[in-house]
Amino acid sequence: MHTHRSFHNPPALPHEVVVAVLERALGDRAYEFEAADALVGSALNDDDREFVEHWCVRVGTPAVAGSPLLGLAGLCLGHTARRFGRLSDESVALARSLSARAEADPSDVDGRALDGFDDVRSFLHLW
């Protein structure tokens, strides 16, 4: 049986909901799918750059190797760079690190981190 996956851009959720969802996912990998929607929705639609960056860094730093949240955090930093035209030094360093880890071992960090860092470099003019 073949299932079709559909692509959707999740909406930005209220900050308190995002925080609760992401905290829960950091403690229990069973909630990673829900966390992915919360993080992507924030990166694509939330107007508070500092909030989005904070949670990308929080999710992308302590996450367990092989967690899909690692690559997703890098991708979301790329979305944030595209939308706002800037990132903190900490966020740029994390995007670079996640990209390097993805290049070295895709089973550690998935390739979305590479796409995210490409966006960071492009939109922040880092070559």
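This section describes the nonpolar core, the salt bridges and the cysteines of a predicted model. Residues are numbered from 1 along each chain as its sequence is written, and side-chain values use heavy atoms, with hydrogens and water left out. Because the model is predicted, local features need pLDDT of at least 70 and side-chain atom pairs count only at pLDDT 80 or more, whereas totals for chains, interfaces and linings use all residues.

The largest nonpolar core contains 36 residues. Such a core is a set of buried Ala, Val, Leu, Ile, Met, Phe, Trp, Tyr and Cys residues joined through side-chain atoms within 4.5 Å; buried denotes under 20% relative accessible area, exposed over 50%, and partly exposed the range in between (1.4 Å probe, protein chains only). The members that touch the most other members are Leu22, Leu39, Leu72, Cys76, Leu87, Leu98 and Val120. At least two core residues are supplied by each of helices H1 (15-27), H2 (32-45), H3 (49-60), H4 (68-84), H5 (89-104) and H6 (112-124), where helices (H or I, at least four residues) and strands (E, at least two) are DSSP runs numbered from the N terminus. Helix H4 provides the largest share of this core, eight residues.

Leu72 is located in helix H4 and is buried, at 3% relative accessibility. Apart from neighbours within four places in sequence, Leu72 is in contact (heavy atoms within 4.5 Å) with Ala36, Leu39, Val40 and Arg112. With the corresponding neighbours left aside, Leu98 is in contact with Gly60, Leu70, Ala73, Gly74, Val109 and Ala113. The C-alpha atoms of Leu72 and Leu98 lie 9.7 Å apart, and the two residues are separated by 26 residues in sequence.

Side chains of opposite charge can pair when their charged atoms come close. Nine salt bridges are found in a search of the whole structure, each being a side-chain nitrogen of Lys or Arg within 4 Å of a carboxyl oxygen of Asp or Glu. One of them joins Arg24 to Glu34, with 3.1 Å between the closest N and O atoms. Since Arg24 belongs to helix H1 and Glu34 to helix H2, this pair ties together parts that are ten residues apart in sequence. Both partners are partly exposed, Arg24 with a relative accessible area of 34% and Glu34 with 36%.

Arg101 forms a further salt bridge with Asp108, the closest N and O atoms being separated by 2.8 Å. Here Arg101 is partly exposed, at 28% relative accessibility, while Asp108 is buried, at 14%. In the pair formed by Arg49 and Glu50, the N to O distance is 4.0 Å. Arg49 is buried, with a relative accessible area of 12%, whereas Glu50 is exposed, at 58%. A network of salt bridges links Arg49, Glu50 and Glu53.

The search of the whole structure returns zero disulfides, a disulfide being a pair of cysteine sulfur atoms within 2.5 Å. For Cys56, which is in no disulfide, the nearest cysteine sulfur is that of Cys76, 5.0 Å away. Cys76 is likewise in no disulfide, and its nearest cysteine sulfur is that of Cys56. Cys56 is buried, at 0% relative accessibility, and Cys76 is buried with a relative accessible area of 0%.
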